[in-house]
Amino acid sequence: IYESVGQESLGIWELGWSFLIYVSFSGIGFGQALSYFIAQKDAERQHAEISSICATGWWAQCFISLVMAGAFIVVMNLPAASHGDNLALMDEIDQITIFLSLTIGVVMFGDIAHGVLIGQHKSRITEYINLVHDVLLAFAMVAALLLGYGIQGLAIVTLILRVCSELVRYGFAYAVCREMSINPFDVSIEKGATLLRYSMKTSINVMQDLLVHQSMRLLLFLSMGPLVLAAFSRYATIMRQINRLTERLSMSLSSVTSALVATGAEEEVVSLYVQSTRMAVLISLPLLTVFAVAGDLIVSLWMGPEFVVDYVAVLLAAGALLLANYSISYRLLSGLNAHGRIGLFS
């Protein structure tokens, strides 16, 4: 992107892309609630309840999808308004906003299928879908840039591949969970209230993360421009990959915990917590150490010396030291339906 369209356009793309990424892996909405209750009902052999849970969650997610897509449009219009004298910049923002807002809506819809697969303990399937999507997206992005389509081309291929991957995810979800339904006649007000209570706890945690990171990026863009945001985002991108590794490894802990409690094996949750925390720290600590020590060198080799900002790598690594334990704690508390307080504290 930097070599094709320059650092300013890279900063614009980072503002929209980072919002999409956080929404993609945040679990905001009803997806996590579905995974919790599906795992619980499956363990209790109450399969008849699953159709109503899925249908209720899917229709509720429709509303959340519209809200998040609208929020993204508002966020992208703020820098456009502040740089009204830069017509080229405003045009680039307008080009990507419509496609990325549609992509965010698709991601939100797909989170229901993701939650069904996690609830059925099929996290491997959803991760394979993510892996294939990411590889294809990387090649498609390179092709779009080489063909001269700029960041608008990036937004278009992002939307197309996300639609394809979520359709595949829904196909696997229906194959794995025959009780899955989006029939409006299966919607239950009672189930909706139960799902809403759970998802509100999840959303507290998600929104604090989304608001902090996106507000910081937006303020950086408004105060210092897209060039500075592009430089900072190189470090944040590396940091995000380390954090995502821990989050992906702990993805299925919520449904596993829910199933253990439903079958009366509460004592195994303690062992699961201890072993999972050890694994997360053993994986993330060496990566954070390398990033803290050699982060500037990595960014310089990757992007060039003009992207190096002193002390950012050390500060980001220090801030992420406790994330491994937090991620595990949050997932297990989600499996116990007791994750509201940790979100409020955060």
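Is Phe-307 buried or exposed? Phe-307 is buried, with a relative accessible area of 0%, where buried means under 20%, exposed over 50% and partly exposed in between, for a 1.4 Å probe and protein chains only. The model is predicted, so local features need pLDDT of at least 70 and side-chain atom pairs count only at pLDDT 80 or more, while totals for chains, interfaces and linings use all residues. Residues are numbered from 1 along each chain as its sequence is written, and side-chain values use heavy atoms, with hydrogens and water left out.

**Aromatic pairs in the whole structure**
- The search of the whole structure finds nine aromatic pairs, a pair being rings of Phe, Tyr and Trp (its six-membered ring) with centres within 6.5 Å, stacked if the planes are under 30 degrees apart, edge-to-face if over 60 and tilted otherwise.
- One of these is the edge-to-face pair of Tyr-2 and Phe-307, with 4.8 Å centre to centre and 85 degrees between the planes.
- Because Tyr-2 lies in helix α1 (residues 2–5) and Phe-307 in the loop between α11 (267–303) and α12 (312–319), this pair ties together parts that are 305 residues apart in sequence; helices here are DSSP runs of H or I with at least four residues, numbered from the N terminus.
- Tyr-2 is partly exposed, with a relative accessible area of 25%.

**A pair within one helix**
- Tyr-326 and Tyr-330 form a stacked pair, with 6.2 Å centre to centre and 20 degrees between the planes.
- These two tyrosines, Tyr-326 and Tyr-330, are four residues apart in helix α13 (residues 323–335), and so are separated by about one helical turn.
- Tyr-326 is partly exposed at 21% relative accessible area, whereas Tyr-330 is buried at 6%.

**A cluster**
- Tyr-36, Phe-37 and Tyr-198 form one aromatic cluster.
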